[in-house]
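Reader: Could you walk me through this model, taking my questions as they come? I may jump between topics.

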Amino acid sequence: MSNTIKLHDSWKTLLAQEFEKDYFKQLKQFLLNEKNAGAKIFPPGNQIFAALDFTPFDEVKIVLLGQDPYHGFGQAHGLCFSVNDGVKIPPSLQNIFKELKADCEVDIPISGNLMKWANQGILLLNATLTVRANEAGSHQNKGWETFTDEIIKSISDKKEHIVFILWGRFAQSKEVLIDANKHLVLKAAHPSPFSAYNGFFGCKHFSKTNAYLKQYGITELDWASSS
């Protein structure tokens, strides 16, 4: 984790104490050990905090939670569910786009890059921010979850009228960190092909999100705005 890492100043300030805690120092050492052992880690170092760089704290309107970065070459770039331009759209993201089309009549994009969603205020946050190439879950339980739990809790505590989108059991386990009295929590099955037909398709989370934002005078999302 070098000085080339990009992280918006608003998050640097908010999370300053986390970076100094023992668990985070141990996490940094773990990542250094991985690198020294020759492991290929995704996303690239300067994109590990991309979600926090593209979506400043003050601009967060929606939090979409994922679990792990993609572990295939060229896929992960620091935004959950998103892939780089030119990369084949993964099955879960294909299903997200299908539901978006059914819900909001948005044409399915050619690219799976969700950067323009991030720039509109969607924090595309994975619970674990790194992964070893071709080894799903390989960086879980090393400290990232403590760090990202603090992000979720900080947003819940310090902001109001945020939409938290929790797809699948793992994401829904984070509901305990969220004050549902002042935020909207949307839950559905994961968009994976293994579960999408068990309640993801038809959840209408995209239109429900915009209806909630409009209710509180917050600019709605242009879901069609995709790279």
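Reader: Let's begin with Phe81: is it buried or exposed?

Author: In this predicted model, Phe81 has a relative accessibility of 9% and therefore counts as buried, the cut-off for that being under 20%.

Reader: And where does Phe81 sit?

Author: Phe81 is placed in the loop between S2 and H5, and its phi is positive, about 70°, although the residue is not a glycine. Most residues other than glycine have a negative phi.

Reader: Which residue just after H5 takes a positive phi?

Author: That is Glu105, with a phi of about 60°, and Glu105 is not a glycine either. Glu105 belongs to the loop between H5 and H6, where it is exposed because its relative accessible area is 72% and the cut-off for exposed is over 50%.

Reader: What about Asp107, buried or exposed?

Author: Asp107 counts as exposed, at 63% relative accessibility, and it lies in the loop between H5 and H6. The C-alpha atom of Asp107 is separated by 8.2 Å from that of Phe97, and the two residues are 10 apart along the chain.

Reader: Let's turn to H5 itself; how many residues does it have, and how far does it reach?

Author: H5 covers residues 91–104, which gives 14 residues, and from its first C-alpha to its last it reaches 20 Å, close to the 20 Å expected at 1.5 Å a residue.

Reader: Which of its residues are buried, and what do they pack against?

Author: The buried residues of H5 are Ser92, Leu93, Asn95, Ile96, Phe97, Glu99, Leu100 and Asp103. They pack against helix H6 (115–118), strand S5 and helix H9 (205–215).

Reader: At what angle do H5 and H9 pack?

Author: The angle is about 60°, and the two axes are 8 Å apart, which makes H5 oblique to H9. On the H5 side the contact is made by Ile96, Glu99, Leu100, Asp103 and Cys104, while H9 contributes His205, Phe206 and Ser207. By type, the residues of this contact divide into 4 nonpolar, 2 polar and 2 charged.

Reader: Which residue of S6 is the bridge partner of Ile165?

Author: The partner of Ile165 in S6 is Leu186, and Leu64 also stands opposite Ile165 in S5. Leu166, for its part, stands opposite Lys187 in S6.

Reader: How many of the residues of S5 are buried?

Author: S5 is mostly covered, with 5 of its 5 residues buried. In a regular strand the side chains alternate between the two faces of the sheet. Here both faces of S5 are covered, with Val163, Ile165 and Trp167 buried on one side and Phe164 and Leu166 buried on the other.

Reader: Last topic, the peptide bond from Phe42 to Pro43: cis or trans?

Author: That bond is cis, with omega near -10°, whereas most peptide bonds are trans. Pro43 lies in the loop between strand S1 (41–42) and helix H4 (50–54).

Technical notes. Residues are numbered from 1 along each chain as its sequence is written. This is a predicted model: local features need pLDDT of at least 70, side-chain atom pairs count only at pLDDT 80 or more; totals for chains, interfaces and linings use all residues. Side-chain values use heavy atoms; hydrogens and water are left out. Two strands pair if DSSP finds at least two bridges between them. Helices (H or I, at least four residues) and strands (E, at least two) are DSSP runs, numbered from the N terminus. The expected span of a helix is 1.5 Å times one less than its number of residues. Buried means under 20% relative accessible area, exposed over 50%, partly exposed in between (1.4 Å probe, protein chains only). Contact means heavy atoms within 4.5 Å. Axes are lines fitted to C-alpha atoms, for helices over the stretch in contact, and angles run from 0 to 180 degrees between N-to-C directions. Angles under 35 degrees count as roughly parallel, over 145 as roughly antiparallel, 65 to 115 as roughly perpendicular and the rest as oblique. Ala, Val, Leu, Ile, Met, Phe, Trp, Tyr, Cys and Pro count as nonpolar, Asp, Glu, Lys and Arg as charged, and the others, Gly among them, as polar.
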